[in-house]
Amino acid sequence: MAEGNLILDEIVRRRSGRAFSSRPIERDKVHSILEAGRWAPSCSNTQAWQYIVIQEHEDLAKAHDALSRGNAWGKNAPLMVVVAAAEDGGCPAHNLPYFMMDVGLTVQNMLIQAVHVGLMGHPTAGWDEHKLKEILAIPESYRIVTVVFFGYEGNIEDLDERTREKEKKRSSRRPLEEIVHWEKW
Ligand SMILES: Cc1cc2nc3c(=O)[nH]c(=O)nc-3n(C[C@H](O)[C@H](O)[C@H](O)COP(=O)(O)O)c2cc1C
């Protein structure tokens, strides 16, 4: 995928896989993911993020109720991290919702750290926010920005046919020539 040897190996290897093993994740690895998230930069160091970490079987089962049908593969992941933020919790600059950028940065730190410790992470937007907020008792003033599934990579053959087909497709990116403007647009 990525060219050049100077790119971090974890960035090159990271991908949003859907085949998760149910193998539990060691506590220190879970901690390392949360710690990596905590050290992300944020606008004026506002750290707008809150993480709801779900690992207990009964709690995972309850939260699974809020997933979209297309994200049913997430039910195999032994760890769900729901990332929430208050809309007014970020930096009030340029009339932009900077809390979203803060959350993006914290999640990317987590995803890269997950690869570093041999795990896979998959961020999602496919869930019912209202339902999930109720299940997790998240305060009204907070928005759920993403739900990230973490786990060891499992067997692609255990996925349903549609998900398996999605999983076989290789991820691609627009080339740098299409997105980079040197010196001016
Ligand atoms: C904010 C966000 C929401 C996403 N929502 C979903 C989702 O609901 N279901 C899903 O299967 N993948 C979801 N993805 C994963 C993307 O489809 C994936 O990152 C993209 O196709 C690039 O593939 P890669 O991460 O494997 O490189 C989401 C990613 C992001 C960043």
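Modeller: Two strands count as paired when DSSP finds at least two bridges between them. Keep that in mind as we walk through this structure, which is a predicted model.

Biologist: Happy to start there. In what order do the four strands of the open sheet stand?

Modeller: First the general idea: strands in a sheet pair through backbone hydrogen bonds, either parallel or antiparallel. Here the pairing is antiparallel, and the order across the open sheet is β1-β2-β4-β3. At the edges you find β1 (49–54) and β3 (120–124); each has a single partner strand, so one side of each lacks a neighbour in the sheet. On average, neighbouring strands are turned by 25° against each other, direction ignored.

Biologist: How many bridges join β2 to β4?

Modeller: Strand β2 (residues 79–86) is joined to the antiparallel strand β4 (residues 142–151) by eight bridges. To find your place, look for A85, which has R143 of β4 opposite. Helix α5 (residues 129–136) packs on this sheet, where it touches β1, β2 and β4, and its direction lies at about 80° to that of β4.

Biologist: And the other pairing of β2: how many bridges are there with β1?

Modeller: Six bridges, again in the antiparallel sense.

Biologist: Let's turn to a helix. How does the reach of α4 compare with the span expected at 1.5 Å a residue?

Modeller: Helix α4 (residues 98–116) has 19 residues, and its first and last C-alpha are 27 Å apart, close to the expected 27 Å. After α4 comes G118, with a positive phi near 85°.

Biologist: Which elements do the buried residues of α4 pack against?

Modeller: They pack against α2 (27–38), β1, β2, β3 and β4. The buried residues include F99, D102, V103 and M110.

Biologist: Finally, which residues surround the ligand?

Modeller: Around the ligand are R15, S16, N71, P123, T124, A125, G126, T146 and S171. By class, this shell has two nonpolar, six polar and one charged residue.

Key. Residues numbered from 1 in each chain as written. Predicted model: local features only at pLDDT ≥ 70, side-chain atom pairs only at ≥ 80, totals over all residues. Helix = DSSP H or I, 4+ residues; strand = E, 2+ residues; numbered from the N terminus. Axes fitted to C-alpha atoms, helices over the stretch in contact; angles between N-to-C directions. Contact = placed C-beta atoms within 7 Å. Near = placed C-beta within 6 Å. Nonpolar A, V, L, I, M, F, W, Y, C, P; charged D, E, K, R; others polar. Expected span 1.5 Å × (residues − 1). Buried ≥ 20, exposed ≤ 12 C-beta atoms within 10 Å, placed from the backbone.
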